[in-house]
Amino acid sequence: MGKGRVAIAAIMAVATLGALGTAVSPLAAQHRERINPFAMGLLEEHNRARADVGVPRLEWSNRLAREAHEWAQHLARQGRMIHANREQRGGAGENLWMGHAGYYGPDVMVGGFVNERQHFRNGTFPQVSRTGNWRDVGHYTQVIWRGTREVGCAVARGQTNDFLVCRYFPAGNVYNQTVF
C-alpha cells in the first residue's frame, strides 16, 4: 500500500480528530496523542496559505469534521461533487475536492484550493478575481477569509475517487465584505 493510500486510510478511520498550531485549544491539547496526522496535514496546509497573507491561523473543529465526513460519504456514494445547501451545512462554508482514490495527500488536496490564488486580487467580495468571476477564486478566498476561525475536513472513498469536504466557520465569501 503506497504512502497516499495509507494516509487516506488513516483519515477515513479517524476523520474527525486533529489540531495543529501554536494556539491549540485546551480540548485539542488534551487529545494531542490522538491527533490524526492526515487531518493535521490538512489543517497545516490551510494555515500555511493563511500565513502567506497574514491572517490568523484556523483551529480544527471536530464538529465541522464530523459534518464534513457525513457529506463526503454522501458524495462518495453519489460518485460526483455537489455542494451541500446552506441549511445542510448549518451556515458553514464548504470547499470540495475530488481525485483518484489513494493517490493524493493534504498538500495536493488543499493545494487545489490554494492554486486559485493566481487569479485572486484582494478586494470586496465578489470583486476579487482578475478574471471577473469570483468562482475562479472562491475556494481560495474561503481558505484565507479573515473572519473564518475553524475548519474541519474529511475524506471518503468512492468507487474510483476520493472526496474531500472541508467545512469552515464562520463562512467566508460574504458579499460586500473584504477577504482580508
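User: So exposed means over 50% relative accessible area, buried under 20%, and partly exposed in between, with a 1.4 Å probe and protein chains only. Which is Asn176, buried or exposed?

Analyst: Asn176 is exposed, because its relative accessible area is 66%. This is a predicted model: local features need pLDDT of at least 70, side-chain atom pairs count only at pLDDT 80 or more, and totals for chains, interfaces and linings use all residues. Residues are numbered from 1 along each chain as its sequence is written, and side-chain values use heavy atoms, leaving out hydrogens and water.

User: Where is Asn176, then?

Analyst: In the segment after β4. Helices (H or I, at least four residues) and strands (E, at least two) are DSSP runs, numbered from the N terminus. Asn176 has a positive phi, near 65 degrees, and is not a glycine. Asn173 sits in the segment after β4 too, with phi near 55 degrees.

User: Which side chain reaches the backbone oxygen of Pro170?

Analyst: That of Thr148, at 2.8 Å. Thr148 is in the loop between α6 (138-144) and β3 (150-157).

User: Is Thr148 buried or exposed?

Analyst: Buried, because its relative accessible area is 0%. Thr148 touches residues including Arg50, Leu58, Tyr168 and Gly172. Contact means heavy atoms within 4.5 Å.

User: New topic. What does the side chain of Glu94 make a polar contact with?

Analyst: The side chain of His83, at 2.8 Å. A polar atom of the Glu94 side chain also lies 2.9 Å from the backbone nitrogen of Ala84. Glu94 is in strand β2 (residues 93-100). Glu94 counts as buried because its relative accessible area is 8%.

User: How many residues has the largest nonpolar core?

Analyst: It has 30. A nonpolar core is a set of buried Ala, Val, Leu, Ile, Met, Phe, Trp, Tyr and Cys residues joined through side-chain atoms within 4.5 Å. Phe113, Ile144, Val151 and Leu164 have the most contacts inside this core. α3 (37-53), α5 (106-114), α6, β3 and β4 (161-169) each supply at least two of its residues. α3 gives the most, with six.

User: How many residues does α3 have?

Analyst: α3 has 17 and reaches 25 Å from its first C-alpha to its last, close to the 24 Å expected. The expected span is 1.5 Å times one less than the number of residues. At its start, a side-chain oxygen of Asn36 reaches to within 2.7 Å of the backbone nitrogen of Phe38. After α3 comes Gly54, with a positive phi near 75 degrees.

User: At what angle do α3 and α5 pack?

Analyst: About 35 degrees, with their axes 9 Å apart. Axes are lines fitted to C-alpha atoms, for helices over the stretch in contact, and angles run from 0 to 180 degrees between N-to-C directions.

User: Which residues in α3 meet α5?

Analyst: Among them are Phe38, Leu42 and Ala49. On the α5 side, Met109 and Val110 are included.

Definitions and conventions
A polar contact is a pair of N or O atoms within 3.5 Å; within protein, one must be able to donate a hydrogen and the other to accept it, and residues adjacent in sequence count only if both atoms are side-chain atoms. Lists of a residue's contacts leave out its neighbours within four places in sequence.
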